[in-house]
Amino acid sequence: MPIYNAPLADMKFILNDVFNAEQFWQANENLAHLDAATAEAILEEMAKFAQNVTLPLNRTGDEEGAKYENGAVTTPVGFKEAFKQYAEGGWIGLGADAEWGGQEMPKMLTVLSDEMLFATNPSFMLYPLLSVGAGMALNSYGSQAQKETYLPKIYSGEWSGTMCLTEPHAGTDLGIIKTKAERNGDGTYSITGTKIFITGGDHDLAENIIHLVLAKTPDAPAGSRGISLFIVPKFLVNEDGSMGERNPVGPGSIEHKMGIKASATCVMNFDGAKGYLVGKENEGLAAMFVMMNYERLSMGIQGLGASEFAYQNAAQYATDRLQGRSASGVQSPNKPADSILVHGDVRRMLLNVRANNEASRAFAVYVGQQLDITKFSTDAEAIKKANDRVALLTPIAKAYLTDTAFNATLDAQMVFGGHGYIREWGMEQCIRDLRISQIYEGTNGVQSQDLIGRKTIKCNGEFIAEYIQEIRDFTNALDADLNFIKDATLDAAAEVEAVTQHIIEAAKENPEYANGAAVDYLHAVGLLSFSYMFARIAHAAKDKQGEFYQNKLGLARYFVQRILPELALRITKVKAGSEALTQFSEEYFTTQS
């Protein structure tokens, strides 16, 4: 059976040493209720839940899968009990406002608790994840009455939430959705249409499911300006808060997927279902993006969780697997062969994964800190700066963390050799489950276009310039004994700065240029971000005694020597232009030569 031990020491190091979390929390009156000891206790309790409850359900849930019968969905054996235990532990409302039954924990902390669940059972994690996202959208844009009706029940786990965006013909281009919202005359709307790919669209984990649905009124403006957001409950809610009659909304089927098979991905049919407007007509997309941006960071954390799970299992296998002898001589004379850890290529693969995990975890906490500033700070200038930073880094958090995690899990699988292809070892499920993270919540290609278009070219590079200045300010202050990471990070910052200006100028001449360069540019900014994270890690570790901290410095050196050089390749590809992509006619792609 696959193993998992929550990397609590690494998590505490990132919080306490790299980001001085307690000092950050105590300096903010809205977070002063939290200290390091409490945060560590929360992480330790989540570790127990992940290791003892969700991990044992991961493979069985994959084998059984969610099932659709007679118009209803059931989850695999054990999921309902696990969800109840998770809800009763207060985990769904860990980061929610106390007014609605939450514990008001910062995102810096919840990204780490989320990592443990994603590592042990990503299918399970998606059910409460969608509830939290729906709660955030309602808390930001719902009326007071809507908040009072729905949020306490969602955060208690009695009810769950979904977001219903995609339609068979409309994915990224939500402006062409066809779902209709017709006014009923009593303030409610009649919702009719079909949505697909709806995570947790139906299940047996909660009494009620609160769907947040994008739809258009008959007189709505064309395109995305005409999208409204509606609450459409599975069961209508009476004035006293009790559940009423069944609303005509339900699953038409569930998708048969490559991975996350225990997560019910539904086709949802709305047949004149009663809906309640959230906010104002034609302004629904802004509310939905509150939820989507939260989910996008969560997808990055899904990548991190999978990569950590893969690393632990691959490292254990490499330690136990005896095969061949070291090139420098026998290392285990009392055994028939040395462990495969003596082979340089095995170490390369494991260190690739370990470096990805260290930098991804630090980056997730960093983005979490920016989100905490936007939510809890009282300094308007700090809030604006953090909002800009979140806007810039959200596509990095989603796309770069999942791209690198997928490659890391492939390296981990390769450590196993043939056993990595066999079901019992867990690697093939890990890869299947992780693949979706690069696809949903906006494919990674779309994230790259968002970064290079809206977040860079549209603002003339302002967001990235501010980020690079922060990186320079921090890195320039490093001591001389960290010159290896200092010089590498400053060089990377200069290279990304220069290629950003190249992109802005090239895009003025050729509108196709940015699209063709987008993925490579995102990876370039991602590599710079990881170098920045390793600079912070090295700074936090350098004056501390012990092998744990020395290994942090060693991994930073490995990153500089063996991973960061990819930056030059990415920049070369960015500068290559789009002509090689656009030279072919559409017919070329379907014509057989």
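Here are some questions and answers on the terms used for this structure.

This is a predicted model, in which local features need pLDDT of at least 70, side-chain atom pairs count only at pLDDT 80 or more, and totals for chains, interfaces and linings use all residues. Residues are numbered from 1 along each chain as its sequence is written, and side-chain values use heavy atoms, with hydrogens and water left out.

Q: Why are H9 and H12 called roughly antiparallel?
A: Helix H9 (residues 284-320) and helix H12 (residues 427-435) pack at about 170 degrees, their axes 10 Å apart. Axes are lines fitted to C-alpha atoms, for helices over the stretch in contact, and angles run from 0 to 180 degrees between N-to-C directions. Angles under 35 degrees count as roughly parallel, over 145 as roughly antiparallel, 65 to 115 as roughly perpendicular and the rest as oblique. H9 and H12 are therefore roughly antiparallel.

Q: What makes H9 and H12 meet, and which residues take part?
A: Contact means heavy atoms within 4.5 Å. Gln302, Gly303, Ala306, Phe309, Ala310 and Asn313 in H9 meet Met427, Cys430, Asp433 and Leu434 in H12. By class, this contact has 6 nonpolar, 3 polar and 1 charged residues. Here Ala, Val, Leu, Ile, Met, Phe, Trp, Tyr, Cys and Pro count as nonpolar, Asp, Glu, Lys and Arg as charged, and the others, Gly among them, as polar.

Q: What makes H12 mostly covered?
A: Of the 9 residues in H12, 8 are buried. Buried means under 20% relative accessible area, exposed over 50%, and partly exposed in between (1.4 Å probe, protein chains only). The buried residues include Met427, Ile431 and Leu434. Among the elements covering them are helix H4 (56-64), helix H7 (122-141), H9 and helix H11 (380-415).

Q: How do you know that proline 76 is buried or exposed?
A: Its relative accessibility is 2%, so proline 76 counts as buried. Proline 76 sits in the loop between strand E2 (72-74) and helix H5 (79-88). Helices (H or I, at least four residues) and strands (E, at least two) are DSSP runs, numbered from the N terminus. Beyond its neighbours within four places in sequence, proline 76 is in contact with Gly61, Glu64, Gly65, Ala66 and Ala262.

Q: What does the domain assignment of the chain give?
A: Domain 1 (8-146), domain 2 (160-282) and domain 3 (443-592), with bounds from an automatic or database domain assignment. The centres of domain 1 and domain 3, taken over C-alpha atoms, are separated by 31 Å.
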